[in-house]
Amino acid sequence: MSKQGISRRDFLKAGGAAGAALAGATPLGNLARVAAQSDQTINVLTVGDPWDLALRSVTDQFTEATGITVNIETLGYTALQARLINAFLTQSADADVIAVDQMWISQMADNGWIRSLDDFIGMDSDANFDDFLPECLYSLSTWRNQVWTLPIASYAQGIMYRTDLFEAAGIDPLPSSVADAGMWTWEDYFGILEQINGMDLDGTSMYGTTVIGFQPVPVVHMYSQLSASYGTRWFTQFPEAPWDFSPTINSEANVAALHDWKRLYELSPPESINYLWFDAGTRYSQGDIGMFFHWTPYFYLVNNEGYLTGTPSPVVDKTATAVLPTLTAGGDQVVSLGGWSLGMPSTSGNQEAAWQFIKWATGAEAQKAMGEVNVKGHQFADFSRQSNYDDAGLNEIYPFLDTQLEMMKLGDGKVVRPPAPIYTSLEGVYGLQINQAMTGAVSPEQALETTETLFQNILSGNQMIPYGIESFDDTLENTKALQASLSGM
Amino acid sequence: MRNRYTWNRRLPYLLLAPSVIVLLALILYPLAFALCNSFWFWNLQMGPAPLYYSGLDNYRLVFQVTPFWVALKNTLLLGFLGTFAQFWFGMGIALLLHTHLRGTGLMRALLIMPTTLAPVVAGFLFRYLLEPKGGLLLWALEGIGFPVPPQGFLGNANTALLSIGAVDTWQWTPFFAIVLYAGLLSINEEVKEAAQVDGASAWRMFWSITLPLLRPIAAFLVMIRFMQLFNSFDLVFVLTSGGPGTASRTLSFNLYREGLVNYNIGLTAAMTWLVVIIVSVIINLYLFFIYRKREW
């Protein structure tokens, strides 16, 4: 292996040039035309999330319409990441379409591992690109003013609570709309938890809430929502230009958030320190949790007793959803917006067919069909398009869609968990320190002080402080402008 | 005549050459490759190729950005305590088997079963058994009044590492028992009979005859298991993922995090070399003390 002292700037330039050359060399053809009765086969690598089950159930419709056979292979999160990186490094055409976590976009785009979809979108009016919620595109799919993926499943965060418990405790229903949430604060949230914690409901002793405590990734997913609501920002300046990755994680806001996170843990089952995402959802489904906040897929997942088991949970028809509270009455809100999107590896030899699949799977019709799949219950409501949220049939199946849409529109995946290069390393140390604070091994102040030092070391060690590469003013407004431009508006 | 002499002298080297080449390719090359990488900044999150020569920065970063010391402490605890427990439990079972009680044949067959499980399977098995809400083992322990932490054994910082050690001990004690039992069978009974005639107690015979005669086997077993425990990953990954906090972080788990989650190849290479040095020092010290008097 040769080792040359190239700079990252040179590398990015080379990657960009290679990407452009690849795009130019690809016969895009008339992308609006469906590849009728093609005998092509494409390989799709996805991740084991609920949307994967729904997608598999409707993929035959794509094959019937286009003649393109789709091989879907589903992997776990870590296995998918490892498989993709190995494929990219060895330049092997492992898949034609891949599921991309929002955190991988910067790495994959900057390295030229996936190709920009701008050309495809711009030349294909069938994509109905203007129908996407710009917040979803911004959080999941854009990087440096290009669209690299299209969202297949977007997740915001919101509250689920037991209506029967609230009734027994004489607590008013929570606001399901931002318009009604003017006075709805985190302090109110804690007040309710303290009131319901330990209550007896039909012979069951209730916990106020449950947290996701497992380190490092799961705990960051839940904690970062609370801390963002409290005003925490990770860096001095990002995503607005010029980027300055000097860490600001050890702020007063975050110290307050971590103290309150510990309060949340005290009102949760002690074993929730080891809970993954679905452990928390399943625990709520089992009936001894009063209220919790989580990713919006759990709005429907809690209807099952276990994770995708198909057995109705005891909390069906006893659960309502609500919007997240703010730190102060009527104050600003930032909602975590994450999820999965579909991208195209630069090495794919079937780029036209791959685009047809991406366009179809993220399109309004396929998304609706996924939402209507009833295998083990209805298991997909993670829409990214306005038309799906307006659909009467889908609203009947998923009555919480209005609340979910409001949370989506307050979503900002680039602030709550900023997808900066080396985010994974930062998340690793952050999650560990939050978990350490939960165990009581360190105080919240010590945990965040250590986090800030580690952030500084990691960011400096990776040449990100000072940031020597050109920044981009990565704002929602710029994504809206890009969306309008690619939609021909 | 001279040609034949030269040929005879070179033949052993020629016969050994294939093995030496394979050994070099499989051991020295990867180590040299890792050593080389440890001096380069190579993070796949930042780019697919090494970006620049970074000297000893990666070694410095091992201590600055990873929980190295706590992982080393946990790894040593797991290695020493696990090996110690497995050796003595295994010895006890081997001695019991050697008494030729009824059913020892069946016991031997049953004993080997945990060892045949993949560690990841054993991990999942115990994860469910130790589940705080409905775990069978936890329920049984609570039933007999055993103090169970509210977070469960895997969620408590004081018991997480011990739980990993206990599962490993459950799985690997039979291995010790069966190999030591084979060792016991190889001991000449006449030696024991002579000691009995001289009036030696069972305790004295164990310390002065059985144990010294088992030493060649025991020394090897202990070394192999210590090295395996030092590199434990599967059980840690499945049972606790190093948590809560850093309570059960081990060096292997650190390597996994940096190499296969953070994709920091340079840093991982530096950490690998530190682990190689630590294991080599421990094993060579062990071998020095064990083999310095080659009485057997």
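Residues are numbered from 1 along each chain as its sequence is written, and chains are lettered from A in the order in which they are written. Because the model is predicted, local features need pLDDT of at least 70 and side-chain atom pairs count only at pLDDT 80 or more, while totals for chains, interfaces and linings use all residues.

**Exercise 1.** Work out which strands pair with strand 1 of chain A.

*Solution.* Start with the strand itself, residues 41-47; strands are DSSP runs (E, at least two residues) and helices are runs of H or I, at least four residues, numbered from the N terminus. Pairing takes at least two DSSP bridges.

Step 1: strand 2 (residues 69-75) of chain A pairs with strand 1 of chain A in the parallel sense over seven bridges, and here A:Asn43 faces A:Asn71.

Step 2: strand 3 (residues 97-101) of chain A also runs parallel to strand 1 of chain A, joined by two bridges, with A:Leu45 opposite A:Ile98.

**Exercise 2.** Find which elements of chain A give two or more residues to the side that touches chain B.

*Solution.* Begin with the contacts (C-beta atoms, placed from the backbone, within 7 Å): 33 residues of chain A meet 34 residues of chain B.

Next, list the elements: helix 1 (8-25), helix 3 (77-89), helix 19 (423-439) and helix 20 (444-461) of chain A. Helix 19 of chain A gives the largest share, eight residues.

Technical notes:
Contact = placed C-beta atoms within 7 Å. Buried ≥ 20, exposed ≤ 12 C-beta atoms within 10 Å, placed from the backbone.
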